Amino acid sequence: MRLQPRDGADILDMALRGKIATIESIEQDYENNVHLAVVIDDDPGRDLGMLRQPGHRFFFTPDEVEPLGQGERGVSAP
């Protein structure tokens with residue numbers, strides 16, 4: 001998936017705009033909001049994100065991501 005944070009997002013989210021990521025988990029908070037925990041495919045610490053370590057997982061809402069087009073690829077999942 002490609003990250004497309006909404007306008008007005010924080011600076012870190014904006015720095016990740018356009019990056020290819022993998023959904024690590026889908027989570028729901030106490031207010032029933034859905035969040036996608038993602039790891040960035042070209043992050044050297046990607047394996048730490050898959051282990052749910054802080055600093056290597058990022059949270060986006062479903063409307064802030066888009067599926068990859070045909071022929072686009074990220075790093076293969078472990």
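This is a short talk through the fold of one predicted protein chain.

Ground rules, quickly. The model is predicted, so local features need pLDDT of at least 70 and side-chain atom pairs count only at pLDDT 80 or more, while totals for chains, interfaces and linings use all residues. Residues are numbered from 1 along each chain as its sequence is written, and side-chain values use heavy atoms, with hydrogens and water left out.

Start with the layout. The protein chain has two helices and five strands. Those are DSSP runs, numbered from the N terminus: helices are H or I with at least four residues, strands are E with at least two. From the N terminus the order is β-α-β-β-α-β-β.

Now the sheet. It is open, three strands, ordered β2-β3-β4, and the pairing is antiparallel. Pairing here requires at least two DSSP bridges between two strands. β2 (21-28) and β4 (58-60) stand at the edges; each has a single partner strand, so one side of each lacks a neighbour in the sheet. The twist averages 35 degrees from one strand to the next, with axes fitted to C-alpha atoms and angles running from 0 to 180 degrees between N-to-C directions.

Look at β3, residues 34-40. β3 pairs with β4 over three bridges, antiparallel. V38 sits opposite F58 in β4.

Last, the whole chain. Of its 78 residues, 35% count as buried, meaning under 20% relative accessible area with a 1.4 Å probe, protein chains only. Take contacts, heavy atoms within 4.5 Å. Among those between residues at least 6 apart in sequence, 43% join residues at least 24 apart.

Terms used:
Buried means under 20% relative accessible area, exposed over 50%, partly exposed in between (1.4 Å probe, protein chains only).
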